[in-house]
2 protein chains.
Amino acid sequence: MTAFPVTARNRVRRLPARSAYDKAAIYPIIDEALICHVGFVDEGQPFVIPTIHGRQEDTLFLHGAKASRLLKVVQSGQPVCITFTLLDGLVMARSVFHSSMNYRSAVVFGVGRVLEDPAQKLHALAVITEHVARGRWQEARQPTEQELNATAIAALTIESASAKVRSGPPVDDEEDYALPIWGGVLPLRQQVMEPAADGRVKEGVAVPASLRHYHR
Amino acid sequence: MTAFPVTARNRVRRLPARSAYDKAAIYPIIDEALICHVGFVDEGQPFVIPTIHGRQEDTLFLHGAKASRLLKVVQSGQPVCITFTLLDGLVMARSVFHSSMNYRSAVVFGVGRVLEDPAQKLHALAVITEHVARGRWQEARQPTEQELNATAIAALTIESASAKVRSGPPVDDEEDYALPIWGGVLPLRQQVMEPAADGRVKEGVAVPASLRHYHR
């Protein structure tokens, strides 16, 4: 399967021309996003929690402390929604009405399960670590058995998903182009600055490969 | 009231030392964030949708098309959760276990109402527009009656909220500082690039004040 079937759950209601349902559109957004926002329901109340993720094929991995509400809900087998958003610019139309943002977002649905097997948990942590900074898993000290026990890992098979993308300049009403109002885009991007070592890096230990020329 | 009472709903479960409940901590996060992630429940299924917002005192404004699912749910008086996240850096500890991110996030709870009065809607749109780019409301062509009719506005009084913040270098286990592993922070920020005019800006119309030296 290379695209998700369009159902009531994942169908993009507003501006369907901006939507996509194929993995080739959705997965690069998930992979570029450093964090996601996980939505779940607890006693009728929705919660949205930002967290780090990793993806392998159709599986998303999330991690947290064993006591976290998020992991408890996932463990109970309730449906969750995970959203990934990349902001690319402010779209300044001549009219307020047509002003917008350029963005790439993905909305994913599924039911999570909690991993218990230490080898599977370790693998999931490697995927999450590599998602944040490629190469870091080998550079860093990997989890001890005790640390692994203290970490809860949720795996979620992506059942359904959609992407929504806006790009390009504003689209104003034709008559508004005659107005003496500036129209265009203010591009935004996530800037990575110079790595800042803490005060306790051993002499001779350089900035590692995972952080040199870091980009997503 | 300058702080939100701590209840089962807004209490930060994990790492409570990072939490805050006062408006002086929460509102600047809401105001700096360009977008938010709105969580709501529709027939038992959670949804998380990224959208633009504006805040005035204890009220959040969201806008959308009349047909949007988000606005329909808000109109029905169901509880929503709105989360705002600012990412400040990757915290590269020597151990995978203590690796983290620096962030500022705010989680807000409330029940929305849909604004019907045109003057109130216009005011909310001004708040949202000014949130994105201060000064833009006066620069741009403001909504016509027809445009205003086509726009749905939700107002949500913030009933409960919390903030969670992590900053600073990694905190490694004492014995790990002896390892020849780099530890520190890769700082991140939202970079604003040069405004890019579309091809139809009238001669003599300069980049407006709202976009010159834009920062949040």
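This is a predicted model: local features need pLDDT of at least 70, side-chain atom pairs count only at pLDDT 80 or more; totals for chains, interfaces and linings use all residues.
Helix 1 of chain A, residues 23-32, has three buried residues to look at: Ile26(A), Ile29(A) and Ile30(A). Seen down the axis of helix 1 of chain A, these buried residues fall within an arc of 100°, so they line one face of the helix. The predictor gives the complex an ipTM of 0.96 and a pTM of 0.96.

**Around helix 1 of chain A**

- The cover over the buried residues of helix 1 of chain A includes strand 1 (19-20), strand 3 (45-56), strand 5 (79-92), strand 6 (100-115) and strand 8 (160-166) of chain A.
- One of these covering elements, strand 6 of chain A, is itself mostly covered, with 12 of its 16 residues buried.

**Strand 6 of chain A and its partners**

- Strand 5 of chain A pairs with strand 6 of chain A in the antiparallel sense, over 12 bridges. Within this pairing, Leu90(A) has Met101(A) of strand 6 as its bridge partner.
- Strand 8 of chain A also runs antiparallel to strand 6 of chain A, and 7 bridges join the two. Here Val107(A) stands opposite Ser162(A) in strand 8.
- Strand 7 of chain A (residues 151-157) is joined to strand 6 of chain A by 4 bridges, again antiparallel. The bridge partner of Arg113(A) in strand 7 is Ala155(A).

**Thr59(A), a residue on strand 4**

- Thr59(A) sits in strand 4 of chain A, which covers residues 59-65.
- Is Thr59(A) buried or partly exposed? It has 15 C-beta neighbours inside 10 Å, so Thr59(A) counts as partly exposed.
- Leaving aside residues up to four places away in sequence, Thr59(A) touches Ala155(A), Leu156(A) and Thr157(A). Ala155(A) is also the bridge partner of Arg113(A).
- Thr59(A) and Arg216(A) lie 157 residues apart along the chain, and their C-alpha atoms are separated by 20 Å.

**Chain A as a whole**

- Chain A contains 5 helices and 10 strands.
- The C-alpha trace of chain A spans about 65 × 50 × 35 Å along its principal axes.
- Of the 216 residues of chain A, 43% count as buried.
- Among the contacts in chain A with a separation of 6 or more, 72% are between residues 24 or more positions apart.
- The average pLDDT of chain A is 94, and 100% of the residues score at least 70.

**Strand pairing in chain B**

- Strand 1 of chain B (residues 19-20) and strand 8 of chain B (residues 160-166) pair antiparallel over 2 bridges. Ser19(B) has Lys164(B) in strand 8 as its bridge partner.
- Strand 8 of chain B is also joined to strand 6 of chain B, by 7 bridges in an antiparallel arrangement. Tyr103(B) stands opposite Arg166(B) of strand 8 there.

**How the two chains are related**

- The same surface serves both copies, as 100% of the contact residues of chain B recur in chain A.

**The interface**

- In the contact between the chains, 77 residues of chain B meet 77 residues of chain A.
- Several elements of chain B give two or more residues to the side that touches chain A, including strand 2 (35-42), strand 3 (45-56), helix 3 (118-132), helix 4 (136-139) and strand 9 (184-192).
- The largest share of that side, 9 residues, comes from strand 9 of chain B.
- By residue type, the side of chain B that touches chain A divides into 48 nonpolar, 15 polar and 14 charged residues.

Notes:
Residues are numbered from 1 along each chain as its sequence is written. Chains are lettered from A and ligands numbered from 1 in the order in which they are written. Two residues are in contact if their C-beta atoms, placed from the backbone, lie within 7 Å. Ala, Val, Leu, Ile, Met, Phe, Trp, Tyr, Cys and Pro count as nonpolar, Asp, Glu, Lys and Arg as charged, and the others, Gly among them, as polar. pLDDT is the predictor's confidence in each residue, from 0 to 100. A residue is buried if 20 or more other C-beta atoms lie within 10 Å of its own, exposed if 12 or fewer, and partly exposed in between; C-beta atoms are placed from the backbone. The arc is that of the directions from the helix axis to the C-beta atoms. Two strands pair if DSSP finds at least two bridges between them.
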